[in-house]
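Look over the sequence and the fold, then read on.

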Amino acid sequence: MKVLIISDTHRSLRNFYEAVDREGRVDQLLHLGDVEGDEEEICAYAGCPAVFVAGNNDFFSRNDRDHELVLQGVRIFMTHGHNYGVSMGTWRLEEEGRSRQADVVLFGHTHRPEVCKKNGIILANPGSLSYPRQQGRQPSYAIMEIGQDKKIDISIKFLK
């Protein structure tokens with residue numbers, strides 16, 4: 001299963017279109033917040049099932065702030081991250097993921113991509129396609145591949 005993970009698009013979809021065109025067919029899209037009302041456009045262009053969570057800039061969103069799902073036997077916890085203080089570190093988010101028995105915790109908010117494994121839980125942030133903040137400021141997203149044996153591979157992809 002191939003999953004496109006994005007965050008912090010902030011009503012600027014040019015790089016989102018490029019990411020979708022580059023990756024081709026994906027089975028699922030996960031958006032980690034600050035979509036700011038572009039859900040329908042994102043769903044239409046991606047052409048696959050999509051799940052969204054609300055970010056700190058999604059003021060009138062009907063999306064939940066946290067969401068749990070299972071894809072091919074892998075338990076995933078998604079959140080934007082601002083309610084867990086991710087700008088100051090991921091320890092609270094890791095604890096929340098553990099309490100939810102998640103295999104993977106996905107978050108955004110910092111606009112900085114990262115993938116790490118802490119105490120058996122994979123934590124991943126795809127960065128931002130619209131307003132990256134890491135050194136070099138390249139727009140980024142993540143691809144998660146889930147194998148039949150529940151093997152998880154998450155890679156950060158950069159545009160430009």
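Where is the place of His10? His10 sits in the loop between β1 and α1. Helices here are DSSP runs of H or I with at least four residues, strands are runs of E with at least two, and both are numbered from the N terminus.

This is a predicted model, with residues numbered from 1 along each chain as its sequence is written. Local features need pLDDT of at least 70, side-chain atom pairs count only at pLDDT 80 or more, totals for chains, interfaces and linings use all residues, and side-chain values use heavy atoms, leaving out hydrogens and water.

**Loops and cysteines**

His10 has a positive phi of about 50 degrees, although it is not a glycine. Asn119 also is not a glycine, and its positive phi is about 50 degrees. Asn119 lies in the loop between β7 and β8. Buried or exposed? The cut-offs are under 20% relative accessible area for buried and over 50% for exposed, with partly exposed in between (1.4 Å probe, protein chains only). The table applies them.

| Residue | Relative accessibility | Class |
|---|---|---|
| His10 | 13% | buried |
| Asn119 | 64% | exposed |
| Cys43 | 30% | partly exposed |
| Cys116 | 22% | partly exposed |

A disulfide is a pair of cysteine sulfur atoms within 2.5 Å. By this rule the count is zero. Cys43 is in no disulfide: the nearest cysteine sulfur, that of Cys48, is 7.9 Å away.

**Helix α1**

Helix α1 covers residues 14-23, and its buried residues are Asn15, Phe16, Ala19, Val20 and Glu23. They span an arc of only 140 degrees around the axis, so they lie on the same side of α1. The arc is taken from the directions that run from the helix axis to the C-beta atoms. Arg14 and Asp21 are exposed, on the face turned away from the buried side of α1.

What do the buried residues of α1 pack against? Their partners are β1 (2-6), β2 (28-31), α2 (39-46), β9 (140-146) and β10 (152-158). Contact means heavy atoms within 4.5 Å. Gly24 follows α1, and its phi is positive, near 70 degrees.

**Helix α3**

Helix α3 runs over residues 91-99, with Leu93, Glu94 and Gly97 buried. Their arc around the axis is only 100 degrees, which puts them on the same side of α3. Trp91 and Ser99 are exposed, on the face turned away from that buried side. The buried residues of α3 pack against β5 (74-79), β6 (104-106), β7 (114-118) and β8 (121-125). Just after α3 comes Gln101, with a positive phi of about 55 degrees.

**The sheet**

Strands of a sheet pair through backbone hydrogen bonds, either parallel or antiparallel. Here, two strands pair if DSSP finds at least two bridges between them. Five strands form an open sheet in the order β3-β2-β1-β9-β10, with mixed pairing. Its edge strands are β3 (50-52) and β10, each of which pairs on one side only. Neighbouring strands of this sheet are turned by 20 degrees against each other on average, direction ignored.

How many bridges join β1 and β2? The two strands pair in the parallel sense over four bridges. Ile6 stands opposite His31 in β2. Helix α2 packs on the sheet and touches β2 and β3. The direction of α2 makes about 155 degrees with that of β3. Axes are lines fitted to C-alpha atoms, for helices over the stretch in contact, and angles run from 0 to 180 degrees between N-to-C directions.
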